[in-house]
Amino acid sequence: MRERPTVLLTERTKHLSSHSGQIAFPGGKTDKEDADASATALREAEEEIGLDPSLVEVIGVLPDYVTGTAFIITPVIALVQPCFTLSPNDYEVADVFEVPLEFLMNPSHHKRHAIEWEGVRREWFSMPYQHQSTQRFIWGATAGMLRNFYRLMSA
């Protein structure tokens with residue numbers, strides 16, 4: 001039986017100064033040694049979750065995603081061979097888990113939220129995911145990038 005594709009996500013540790021406790025993709029800032037966004041993504045995934053780059057095939061990048069706090073993120077899409085073993089960096093990563101791509105690409109799971117904050121209307125998506133007894137609240141930039149991926153895939 002063939003496995004269905006999943007998306008690899010992390011839960012950031014609660015003590016981090018930014019985005020603590022949030023669900024995120026492995027990733028981070030570009031180092032001057034990184035040739036491009038794909039090199040950054042591969043390096044960061046290895047540093048954060050111990051993902052061996054030789055098991056990863058980069059297949060493309062999505063358009064840049066700009067957060068409400070002015071972070072500019074280049075989402076890198078890759079396939080990972082199923083034989084991977086992870087060793088998360090305990091300082092940065094509280095947990096690593098997978099969510100079925102089928103769940104994330106179902107628009108009925110894309111919840112819209114809005115709030116007025118300091119006179120500005122802010123909107124965002126969430127994709128609450130329940131697996132067995134564990135609830136994952138995927139929201140903000142991570143949900144926004146997944147929503148963009150959905151829109152590109154369904155166009």
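Select Arg136 and Phe97: the charged end of arginine 136 sits over the ring of phenylalanine 97, 3.9 Å from its centre. A charge counts as over a ring when NZ of Lys or CZ of Arg is within 6 Å of the ring centre and within 35 degrees of the ring normal. The model is a predicted one, in which local features need pLDDT of at least 70 and side-chain atom pairs count only at pLDDT 80 or more, whereas totals for chains, interfaces and linings use all residues. Residues are numbered from 1 along each chain as its sequence is written, and side-chain values use heavy atoms, with hydrogens and water left out.

Next, select the sheet. Three strands form an open sheet in the order S8-S9-S10, with antiparallel pairing. S8 (111–117) and S10 (134–139) each have a single partner strand and stand at the edges, so one side of each is left without a neighbour in the sheet. On average, neighbouring strands here are turned by 30 degrees against each other, direction ignored. Strands (E, at least two residues) and helices (H or I, at least four) are DSSP runs numbered from the N terminus; two strands pair if DSSP finds at least two bridges between them.

Select S9 (residues 120–131): six bridges join S9 to S10, and the two run antiparallel. Glutamine 130 has glutamine 135 in S10 as its bridge partner. Glutamine 135 is partly exposed, with a relative accessible area of 44% (buried is under 20%, exposed over 50%, partly exposed in between, with a 1.4 Å probe and protein chains only). Not counting residues up to four places away in sequence, glutamine 135 touches Pro128, Tyr129 and Gln130, contact being heavy atoms within 4.5 Å.

Axes are lines fitted to C-alpha atoms, for helices over the stretch in contact, and angles run from 0 to 180 degrees between N-to-C directions.

The largest nonpolar core has 17 residues, of which Leu9, Val99, Leu104, Met127 and Ile138 touch the most other members. Such a core is a set of buried Ala, Val, Leu, Ile, Met, Phe, Trp, Tyr and Cys residues joined through side-chain atoms within 4.5 Å. H3 gives the most to this core, with four residues. Leaving aside neighbours within four places in sequence, the contacts of methionine 127 include Phe103, Leu104, Ile138 and Leu146. Finally, select Leu8, Ile49, Val56 and Val93, which are among the seven residues of another core, apart from the largest one.
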